[in-house]
Amino acid sequence: MSKTKVTDEEALAFHLEPTPGKFEISATVPMMTQRDLSLAYSPGVAVPCLAIADNPELAYDYTNKGNLVAVISNGTAVLGLGNLGALGSKPVMEGKAVLFKRFADVNSIDIELDTEDPDEFCKAVRLMGPTFGGINLEDIKAPECFIIEQRLKEEMDIPVFHDDQHGTAVICAAGLINALHLSGKKIEDVKIVLNGAGAAGIACLELLKSMGARYDNCIMCDTKGVIYQGRTEGMNQWKSAHAVKTEARTLDDAMKGCDVFLGVSAKGAVTPAMVASMADNPVIFAMANPDPEITPEEAHEVRMDAIVATGRSDYPNQVNNVLGFPYLFRGALDINARAINDEMKIACAHALANLAREDVPDEVALAYGKNLTFGRDYIIPTPFDPRLIHRIPPAVAKAGMDTGAARRPIIDMDAYELSLKSRMDPTASILRGLNTRARTAQARMIFAEGDDPKVLRAAVMYQRSGLGKALVVGRENDVKAKLEEAGLGDAVRELEVVNAANTPYLETYKTFLYDRLQRKGFDSSDIHRLAARDRHVFSALMLAHGHGDGLVTGVTRKSAHVLERINHVFDADTANGAAGITALLHKGRIVFMADTLVHEWPDEHDLANIAERAAVVARDMGLEPRVAFVSFSTFGYPVSERAEKMHLAPKVLDQRGVDFEYEGEMTVDVALNEKAQGQYPFSRLTGPANILVVPARHSASISVKLMQEMGGATVIGPILSGVDGSIQICSTSSTANDILNMAVLAACQVG
């Protein structure tokens, strides 16, 4: 699988545009009228203030405290970069805050404290306690992190969690539960060696001991070797707590006959010889970042029976903290927890381990481009498994309730799980899945308009994101000059620039085109002009001859013009059942509008074709299609000649015997609103429609643009479906990111 390349310029641009930083605050209540302001502030706000002063627990009802976590650091141990100081750590803490939101819908704000004094740090955090439902400590160096966390846990009545310690420990424990299950070993019997006696390493060993690992079976090592009883050099109270009686003095000694190796140390710390000396079916968690202590390839070369996990996403079994902290806090916040205790962490580990043993949903397999089944290469769930949000927090919440950490126990667990399911935006996982599939496909993508700076930026992003090879149609000098203007001069060497002058296939293309168009009024000079000078035609010819796997065009000319040009090479018209499907993403919903590109005024048979094409697109994007034929009338009333074809289209699908839900005709509210739908119990739709087939192209265009401009919907498309080639046509208002999204769709061959 190709690795993603991120340049310094791209990273800076990502943090700079569209506004500096990675998140903003938005109001959840109306703020339009004087009455709204009177309720939000004075005098209305006095009422909840007095209520909370009287009963502090009501802060969880009347403020955002119950879903607000602070990500707090002093920047003394930022990623692998060391002590960058408080301000230097802010981009990381902002990043952590948006991960909370993305994965568990936890609101989070970053706070950077400009002190290295544990007393000052603890005092500042303690004084902020009333604001938050939980505190996530991050990137604080050892041993201060132990002192700070311990003190804050004692002094505060909300969860305080140092993710660098316990986040790693929880995911490591989850993986180990399954690795030992596969090896046929028990945690109380195995010999464990840990290399790296920092915050994460010590937390890993402490959690495993609380899960049953025996004290004298665990050996901890640091840069000076084994931490044994009686050692004085480089010791502290946290290391001393794990010192054991042993003759072993080096990591090499400790590894002989051990069952489990845990590494949170440095690249290359483990040699193949050490792995060879381990017990049968060894478990190796080489979690050093960015490069593991030993790579899975090196380990498997000497031990085929080894189960290996790393911290990297390009190897199987990634120990990724994002599997833990969002869901631990989600569960803790939802019971208004006083703390995140060991039992809650262990419950999280077991829930993750159990999830990995279950059948993987189709959308996850689709997203990763391979079937994942429980075994040596899949012992930990993937971060984009949609089940995490409704499986892990309930387990954490239940453990918190059982151990008395809950201020507000959850009464109805089934309802809680249901609420978690509806909490997350499904569109994010759909887009993520498409990106992963595109990366697996490694398609050679033809970008037809190489004279446009936005297209060039998208082409560079496509290639540097590891999605595949970008083929840009344009003149070399022009492409070079425009890339340099955009600050991407170094990308010239990476892209392949193609044109009529440098292709060896021009005569082949012209022959093919002449055969298609000679009886449509085109002579040989017309053919030469089209093939050699029209980039839309030239690009389509490249695709038709297999000289690229997908095509993105339409940024510089109106879609009708582009479609006409593509029709010279492909059959992308009404007669051949082509259709344009536009995806609208808004407030966690995805709805497809069809046809937005090809059919001007479709009849009932065309409408049935459009529905079938849209169903293909929906399934390609991991959704089960529910089609509504929409109009201004519902099931025949009011009676109108204009609505008649919408009434007949479902009957055409009845005759075809299609395998998806459809119903019509109906108004848009009946199609999308469950309550309105309930008034028609005979309807064949089992839920809100996700595909709206509209009467004509003008109504499709008006609807999409209205949703985009007034509703703030994200628009993807139109997605060209039903053509014998993976072609996507952008709009002239597309940004570089929109063009990249269309290239991803083309790479996945959506439609």
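Reader: Which residues are buried in helix 26?
Author: In helix 26, which spans residues 559–566, the buried residues are His561, Val562, Leu563, Arg565 and Ile566; buried means under 20% relative accessible area, exposed means over 50%, and partly exposed is in between, using a 1.4 Å probe and protein chains only. Helices (H or I, at least four residues) and strands (E, at least two) are DSSP runs, numbered from the N terminus. This is a predicted model, in which local features need pLDDT of at least 70 and side-chain atom pairs count only at pLDDT 80 or more, while totals for chains, interfaces and linings use all residues. Residues are numbered from 1 along each chain as its sequence is written, and side-chain values use heavy atoms, with hydrogens and water left out.

Reader: And what do the buried residues of helix 26 pack against?
Author: They pack against helix 24 (524–533) and helix 25 (535–544), and also against strand 14 (550–553), strand 20 and strand 21 (727–729); contact here means heavy atoms within 4.5 Å.

Reader: Strand 20 has a proline, Pro718. What kind of peptide bond joins Gly717 and Pro718?
Author: The bond between Gly717 and Pro718 is cis, with omega about 5 degrees, and Pro718 itself is found in strand 20, residues 714–721. The peptide bond from Asn289 to Pro290 is cis as well, with omega near 0 degrees, and Pro290 lies in the loop between strand 9 and helix 14 (296–302). As background, most peptide bonds are trans.

Reader: In what order do the strands of the open sheet come?
Author: The order is 7-6-5-8-9-10, six strands with mixed pairing, where two strands pair if DSSP finds at least two bridges between them. The edges are strand 7 (225–226) and strand 10 (307–310), each of which pairs on one side only. Further in, strand 5 (192–195) pairs with strand 8 (260–263) in the parallel sense over four bridges, and Asn195 has Gly263 as its bridge partner in strand 8.

Reader: How many bridges join strand 8 to strand 9?
Author: Four bridges join them, and the two strands run parallel; Leu262, for example, has Phe285 as its bridge partner in strand 9. Strand 9 and strand 10 likewise pair in the parallel sense over four bridges, with Ala309 of strand 10 as the bridge partner of Phe285.

Reader: Which helix lies across strand 5, strand 6 and strand 8?
Author: Helix 10 (residues 199–210) lies across strand 5, strand 6 (218–222) and strand 8, and runs at about 160 degrees to strand 5. Axes are lines fitted to C-alpha atoms, for helices over the stretch in contact, and angles run from 0 to 180 degrees between N-to-C directions.

Reader: Next, helix 9 and helix 16. At what angle do their axes cross?
Author: The axes of helix 9 and helix 16 (residues 342–357) cross at roughly 45 degrees and come within 8 Å. That makes helix 9 oblique to helix 16, because angles under 35 degrees count as roughly parallel, over 145 as roughly antiparallel, 65 to 115 as roughly perpendicular and the rest as oblique. Among the residues making the contact are Val170, Ala174 and Ile177 of helix 9 and Cys348, Leu352 and Ala356 of helix 16.

Reader: Which side chain has a polar contact with that of Asp385?
Author: The side chain of Arg387 does, at 2.7 Å; a polar contact is a pair of N or O atoms within 3.5 Å, where within protein one must be able to donate a hydrogen and the other to accept it, and residues adjacent in sequence count only if both atoms are side-chain atoms. Glu661, in strand 18 (residues 661–666), has a side-chain polar contact of 2.7 Å with Thr686, and at 23% relative accessibility Glu661 counts as partly exposed.

Reader: Last one: what is phi of Asp105?
Author: Phi of Asp105 is near 55 degrees, a positive value in a residue other than glycine. Asp105 is in the loop between helix 6 (90–104) and strand 2 (107–112), and is buried at 16% relative accessible area.
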